[in-house]
Each structure stands twice: as C-alpha cells, then as structure tokens.
Amino acid sequence: MKPDTSSPKVAIFLSQYGALVVLALLLLGMSMSSKEFATVANLTNVARQVSINAVISAGMTFIIITAGIDLSVGSLVALAGCVGMIVLNWTDSSIIGVMAGIALAGLSGAVTGAIVAWTRIPAFIVTLAGLTILRGLALIITGGSPIIRFEGGFRFLGQGVLWGLPVPVLIMGAVMLAMHIVLTRTAFGAHVYAVGGNEEASRLSGINVAITKLRVYTIGGLLTGLAGIILMGRLSSAQPNTGEGFELDAIAAVIIGGTSLMGGRGTIWGTLVGAVVIGILNNGFNLMAVDAHYQLVAKGVIILLAVLLDQYLKRKL
Amino acid sequence: MWASSRNNPATAAPDQPAGAVPSGRLAVRGIGKSFPGVRALKDVTFEVGAGEVHALVGENGAGKSTLLKILSGAYHPDEGAIFIDRREIKIPDPRTARSLGIAIVYQELSLIPWLSVANNLFLGRERLAGGGIFSQRRLRALAQAELEKLGLKAQVDRPAAKLRLAEQQLVEIARALSENARFLLMDEPTASLTGREVEVLFEKIRALARAGVGIVYISHRLEEIARIADRLTVLRDGQVVYSGPVGEIDLPEIVAKMVGRKIGEHYPPRTSRLGEEILAVRPPSSASNGRSFSVRAGEVVGLAGLVGAGRTEWAWRLVGASPSLPGEKVRLKGREVRITSPTQARSLGLGLVPESRKEHGLILSCSVRDNIVITILDRLSNFLGFVDRKTRADISRRFVDRLRIRCPHDGVSVSALSGGNQQKVVLAKWLAREGHIIVLDEPTRGIDVGAKVEMYHLINQLSLEGKGVILISSDMPELLSLSDRIYVMRQGRFVAELESAKTSQEEILAFASGFKEAQAV
C-alpha cells in the first residue's frame with residue numbers, strides 16, 4: 001500500500017518552499033529588530049554580498065544533485081583570481097585576464113570531474129586533496145602576497161553598477177537563470193538528476209555517467225572561477241588567502257535550499273534562497289552588532305534548524 | 001512485560017486443524033489500517049496455529065504485506081486487536097515482536113551489504129558470541145551451524161553484498177529461524193529462488209511446522225501454496241474474501257477470488273512469426289561444449305537455469321554493462337560488434353530490463369515520465385541540448401496508456417507505484433527506445449497475477465512487432481508458455497537448446513542441474 005500523494009495544497013507548498021518560509025521568517029525578524037535592515041541601501045548591499053556565494057552554490061547544486069561534493073571551491077576562488085590577475089598584468093588586458101582565470105578554474109573542475117568519474121575515489125577525498133593543492137598553487141604563483149591593481153575593466157565586474165543594480169547581482173541573476181534552464185530543460189539536466197538518483201540504473205539506461213560527472217564538475221569549476229573574478233574585481237586585488245571557508249557557505253546554501261546530499265533532488269531556486277538566507281544572517285548579525293564569535297555559533301544553529309524544518313515539511317507531504 | 005505471555009502459554013484453541021500441535025496461536029481480530037488516502041486493511045480477522053502453514057495470497061496492494069508488518073511491529077493497527085494464546089497483546093515495535101517469538105523475513109532484502117554473513121545473521125545479538133567484546137570466531141561458528149541447518153554452503157565471512165540474491169534470501173531466512181521463533185512470517189520467500197533452493201526451503205518449512213512453529217506464508221506462486229500450506233486466506237482490497245483449508249479450493253478459484261473476476265487464460269496463446277536471425281553470440285572457443293546463442297526477429301527466446309548459473313551475468317555482458325569475455329563473438333544483424341558500454345548497446349538497439357528494478361531499473365527519485373524517457377533524451381533534444389517537452393509528454397503518456405501503468409498522472413514519483421506498475425515503467429523505457437532486441441531479466445518476479453498476465457501479453461505483442469525478446473525467468477511454466485526456444489545455462493555456458501513445444505520442465509531441470517549433459521534439437 002502506498003500512501004496517497006494528494007494532500008492539502010498548503011502542505012505541498014510548504015514542503016517545496018521550506019527554505020522560502022525560513023527566509024520570510026528571517027526577513028520579518030530582521031526588519032523588526034533593526035531599522036537599518038529594510039533599507040534599499042542595505043538590501044542592495046546584502047544582494048552584493050550574496051552574489052559570490054550564490055554563483056559558487058549554483059555549480060555546487062549540480063554537483064550535489066549527482067550525489068557528489070566539492071570542497072575545493074574556496075581555494076579555487078583564490079587561484080582563479082590570482083591567475084586572472086597575473087595574466088592581466090602580463091597582457092594588460094582585463095578581458096584576457098578574466099578569461100584566463102575562468103578557463104583555469106574550468107580546467108581544474110574538469111580534472112576533478114575526470115578523477116571522480118573514472119576512478120573509484122570518492123568526490124569528498126578528491127576535492128579535499130584539491131582544497132590543499134589549489135591553495136598551495138595560489139600561494140606559489142603569487143609568492144604568498146596579494147597582487148593589487150587599481151585600474152582595469154575587471155573592477156567593473158566586482159564594483160560596477162548597471163541599470164541601478166550592482167554588476168555582481170546582475171551576474172548572479174543571469175547565472176541562476178541560465179543554470180535553472182540547463183537543469184530543467186536540457187537532456188544534460190535530466191541526466192544530472194538521473195545519475196544522482198540511481199547511478200547504476202542510469203548507466204544501464206545508456207546514459208554516459210562518466211561524461212555527465214565530468215561536465216558537472218567542469219560547470220562547478222567555471223562558476224567558481226567566475227566568482228573568483230568577481231571577488232578580484234571587488235577587492236581590486238588577487239589574494240591567495242581569500243575564499244577560505246567558502247565551500248561551507250556554498251554547501252550550506254545548497255542544503256538549506258532543499259537539495260538532498262544523497263543526490264537526485266534539488267533546484268537552483270532553492271539554492272538561491274539558501275544563499276540569501278546565509279547572506280541575511282551575516283548581514284543581520286552585523287547590524288545587530290552580535291559579537292563575531294557568537295555569530296558563528298548562531299549561524300550554525302540556524303542552518304541546522306533550517307534543514308530540520310525542511311525535512312519535517314517534506315515528511316509531512 | 002510482553003514476554004510474560006510467552007512464559008504462560010495458554011492451552012490450545014479447540015478448533016485446531018488436524019495434525020497441528022495444539023500449543024498456541026497468533027490471531028488478529030477486526031484489524032483496520034489506513035494510510036493517507038488509502039484503506040490498506042479493513043476488519044481483517046486472521047489466525048495461525050502452532051504447527052500450521054497458513055498461506056496469505058492476494059494481488060499487489062491487497063494488504064498482505066501491511067498485515068505482516070502489523071504482526072511484526074513495523075506498523076500499528078488503527079483498530080482491532082492482536083492475540084497470542086488468547087491473550088491480547090500489543091506489538092509496539094519489531095523488538096517486542098521478536099521477544100514474543102514472532103520472526104519475519106521481508107520481501108525486500110534487509111541485509112547490511114558490507115557486513116559479513118555471520119555478522120548479518122547475528123546483528124543485534126552479538127552477545128551470543130560473548131558479552132562486551134564478542135568473539136568473531138565464535139560468531140562464525142554459530143553462523144556456520146545456522147546455515148548448515150538450512151543446507152546453505154555460503155561462506156560466513158563473505159560480505160552479504162557478494163552473495164547472489166537467492167543466497168541473500170536464504171541468509172535472511174536463516175536469520176529468522178535462528179531466533180527460535182514460535183511464529184515465522186515469510187513475505188515472498190521464494191521470489192528469487194529456483195528449483196532446488198525452493199525444495200530445500202520447503203523441507204525446512206515442513207520441519208519447522210512439525211516442530212510446532214506457526215508459519216504465515218505470502219507467495220505469488222500459487223502452485224506452491226497447494227504443496228506447502230495447510231490453510232489459505234485470500235485478501236482483496238484490504239479485506240478477507242476467503243479463508244479455509246487449502247484442499248477445499250482449487251487454483252482457478254483462488255485466482256478468481258484474488259482478482260474478483262475470472263482470468264480465462266493465464267498465458268496468452270502464442271503465434272510466432274519468425275524473421276531472420278538478428279543476434280548471434282558465439283562463446284569463446286576455449287570454453288568447451290558451450291553452445292552458440294541466437295535470436296531471430298519476432299522470436300521469444302527463453303533462458304533457463306538455476307540461480308547462479310550465470311544468466312544475469314551473461315545478459316549484463318551482452319548489453320555492455322560488464323566487460324565481455326575475451327573471445328566471445330557477437331553478431332548483430334550480420335555485423336560483428338564489440339559492445340563495450342550500455343550506451344553503445346542502446347544505439348545498436350539492445351536494451352535490458354534488469355532483475356532488480358529498484359536497484360538497477362528505476363530512478364526512484366524521478367517521476368514516471370522522466371523514467372520512461374530516460375533512454376531517449378538524446379532523441380528528444382535539439383543540437384543545443386534542449387528537450388522537446390511536448391514530444392516528451394506525448395511519448396510518456398502514450399506508454400502509460402499502452403502499458404496501462406496505473407498512476408494518477410505521469411508526473412508522480414515512480415516510487416509511489418506498486419511493483420507491477422514499476423516494472424511496466426522499466427519496460428516502457430526500452431519500448432520507447434524502439435530497439436531490435438530487449439532482454440527481460442525475471443520480469444514478473446514479485447508482481448501480482450494481474451500484472452503478470454499483462455506482462456505476458458506485452459511480451460507477445462513485442463515479438464509480433466518483430467522484436468527479438470530474450471526472457472530470463474526462473475518460473476518454468478512461464479518460460480515454457482512464452483518462449484519459442486529455450487536455452488539452458490549452467491556454470492556460465494549454454495548447455496542445451498530446446499524447442500519449447502517439445503520439452504518439459506523435467507528436461508530443462510535435468511540440463512540445468514547437470515543430470516543430463518548432452519545436446520538437443
């Protein structure tokens with residue numbers, strides 16, 4: 001006997017948009033506890049801060065839907081920025097520098113993907129190794145010190161404003177939309193869900209599982225590279241030590257957004273909501289002048305609660 | 001506290017069937033159970049006495065498994081009462097059921113894959129091999145003894161995942177038996193067993209019954225019921241529609257009670273229109289006396305063999321899912337091919353409906369629609385990779401209609417479907433591909449009679465469309481009725497090729513078990 005799947009519409013809505021409920025509660029709570037929170041200036045600021053994590057998390061969503069993980073994104077953010085800046089300084093061309101940084105990150109993702117796809121080493125291990133290797137490379141090529149550059153078009157990507165919106169926010173919107181379309185409308189997107197849901201059944205159905213994984217990690221790399229370039233633009237410098245802990249924020253955004261770590265389920269919109277939740281937490285704590293040490297504890301607790309709520313609502317269905 | 005009833009067994013009920021040891025019975029009265037939107041059981045009264053084998057039959061979804069789960073403490077009834085030895089009891093959880101002497105063997109295998117057979121057998125009871133830090137050696141010895149009781153020769157320190165499905169099933173049964181159960185509940189214990197193993201199991205069941213164990217036995221193989229059961233209860237839509245001694249009802253009547261209508265013929269009549277040979281597999285020349293294999297267009301070729309004979313492995317090699325044997329030659333439509341991946345096999349028109357539909361057949365987290373079109377995403381998408389959603393919906397709906405897949409709509413999760421309907425989805429995804437050859441590995445295992453008959457008709461239909469069908473089945477009547485020719489496999493080789501019309505279960509078994517070594521046809 002299978003339970004009937006038709007339940008009240010409210011329950012269905014809640015189960016699919018659990019993260020949205022958390023977000024709404026958070027918005028309400030923050031607006032009430034801080035006058036500065038619900039101002040255009042502050043919300044624009046939040047959006048700008050969210051954008052980098054959201055772009056990384058979009059790629060992370062693909063990876064986690066295939067039941068994989070990428071722990072190396074923080075290091076890759078730094079390496080992509082450093083490579084981009086070095087090439088920029090060689091060529092004196094922002095475009096070439098930006099392309100180089102993103103391309104290198106894509107290559108790194110492809111290598112990770114190839115190892116995950118064709119060896120039996122779990123993604124956790126492969127990308128844990130990647131985390132230290134890529135960080136090391138970033139430190140090696142920069143000699144360990146930041147490279148600062150105050151002129152060049154690349155800064156537009158991090159600091160520019162277009163049609164009244166920060167450029168990073170526009171990039172985030174475009175990336176989220178594009179990734180949503182790829183995931184829901186293309187054969188590749190269907191393969192991603194299938195491979196994550198049941199790898200062996202996918203293989204027997206004639207899906208090329210290895211190529212699917214390779215592509216997924218390559219997309220993850222490219223988007224992480226893009227995030228690295230945005231960060232470089234915002235800081236007007238390449239910092240080999242930047243990006244530490246980014247993997248945790250990205251994974252948290254994906255999970256809060258309702259994507260299953262077991263694979264097979266997840267949406268880009270959920271991830272966007274998850275990224276915004278984390279962004280608001282960071283911003284709100286600062287506005288309320290919560291001690292940084294307490295912020296860490298509170299953030300962790302809220303992430304746990306959000307996932308618990310999501311699971312509870314899903315079970316209710 | 002529940003265990004107390006065990007220490008004071010009440011005297012036997014007076015209406016025990018003749019021959020049973022009158023020491024106690026397990027009974028339910030007026031049991032009801034609902035899930036959201038579904039009435040799974042309604043006013044069910046059922047009992048099993050010591051020494052009795054009570055068969056429980058019904059179509060998938062009739063409520064058999066729900067009833068067993070209530071008896072084993074996995075579900076709680078909404079209404080009604082449970083009695084042991086006429087004493088009302090509560091079974092809040094599986095642990096309590098076990099302490100009351102109720103053991104269960106589930107339909108779905110529940111072994112922990114990477115634990116050894118010995119550890120699986122005594123999971124949660126390691127204390128038997130020494131308190132605190134238990135002795136692995138003692139555990140192995142205990143496990144060995146339990147397996148030998150069942151005539152099973154599996155190595156106790158192998159991980160469960162490395163055993164064949166049938167062996168895993170036997171280990172589960174051994175686990176249940178080792179708990180000294182007074183009542184043993186078995187949900188489709190023979191679904192993955194063949195010939196000899198079924199016999200071994202039946203012997204064991206009879207011995208247990210003689211020893212006074214009450215056995216509840218669910219099976220879709222109705223022929224078995226007459227051989228093993230004393231009493232029979234038929235469930236339909238959660239209600240008891242028949243209950244009585246096995247001798248008082250015959251097979252067609254049972255089927256009629258189950259489905260609520262008469263099924264005129266179990267197996268559809270077979271008219272074959274054979275075309276030319278489309279597939280030929282020649283074994284490596286080194287393998288002495290292995291025969292070649294061939295399929296013609298419009299032909300249904302059966303693959304018989306005992307479990308472990310290598311039929312599934314052969315099928316996986318054929319579709320490129322496992323590495324092919326060196327020297328094995330495959331000719332497809334007259335062209336020699338080397339198939340190295342399922343993707344390649346698919347583009348050559350070969351598809352496999354695997355034995356284990358949940359593990360290898362379906363993406364349970366995806367919808368019915370997504371599962372059906374999974375094999376044709378390449379055809380449904382344009383050069384940019386965008387899927388044509390209208391065609392996708394049309395194709396999905398067409399197969400849901402044609403195969404009569406029962407679901408509210410094709411967007412529901414495939415995990416919400418019953419076993420028979422899930423199996424149809426796996427078949428549908430290969431029909432959608434419109435290949436030349438389809439390999440069906442135990443396509444009717446664990447699905448109800450109605451769905452089986454539908455599957456038989458579909459197989460017939462496929463062959464009439466000129467496809468080559470390779471049917472692996474451990475159900476001999478099914479194999480004989482559906483196939484044109486039958487190959488018998490033993491130890492990874494084809495040892496016989498038989499015309500279905502001219503052979504018999506006995507002859508197939510003789511080849512499969514190695515009594516008969518020679519050629520045929």
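**View 1. Confidence along chain B.** Chain B averages a pLDDT of 81, and 86% of its residues score at least 70; pLDDT is the predictor's confidence in each residue, from 0 to 100. Because this is a predicted model, local features need pLDDT of at least 70 and side-chain atom pairs count only at pLDDT 80 or more, while totals for chains, interfaces and linings use all residues. Residues are numbered from 1 along each chain as its sequence is written, with chains lettered from A and ligands numbered from 1 in the order in which they are written. For the complex, the predictor gives an ipTM of 0.78 and a pTM of 0.72.

View 2. Over residues 1–22 of chain B, pLDDT stays under 50. The model has 37 contacts beyond four places in sequence for this stretch (contact: C-beta atoms, placed from the backbone, within 7 Å).

**View 3. Where chain B meets chain A.** Here 36 residues of chain B are in contact with 27 residues of chain A. On the chain B side, the elements giving two or more residues are β2 (38–49), α11 (342–347), α12 (357–361) and α14 (377–380). Helices (H or I, at least four residues) and strands (E, at least two) are DSSP runs, numbered from the N terminus.

**View 4. Around Asn371(B).** Look for Asn371(B) in helix α13 (residues 368–372) of chain B. Asn371(B) counts as buried because it has 28 C-beta neighbours inside 10 Å (buried: 20 or more other C-beta atoms within 10 Å, all placed from the backbone). Leaving aside residues up to four places away in sequence, Asn371(B) touches Leu362(B), Ile363(B), Cys366(B), Val414(B), Val425(B) and Lys429(B).

Definitions and conventions
Contact = placed C-beta atoms within 7 Å. Buried ≥ 20, exposed ≤ 12 C-beta atoms within 10 Å, placed from the backbone.
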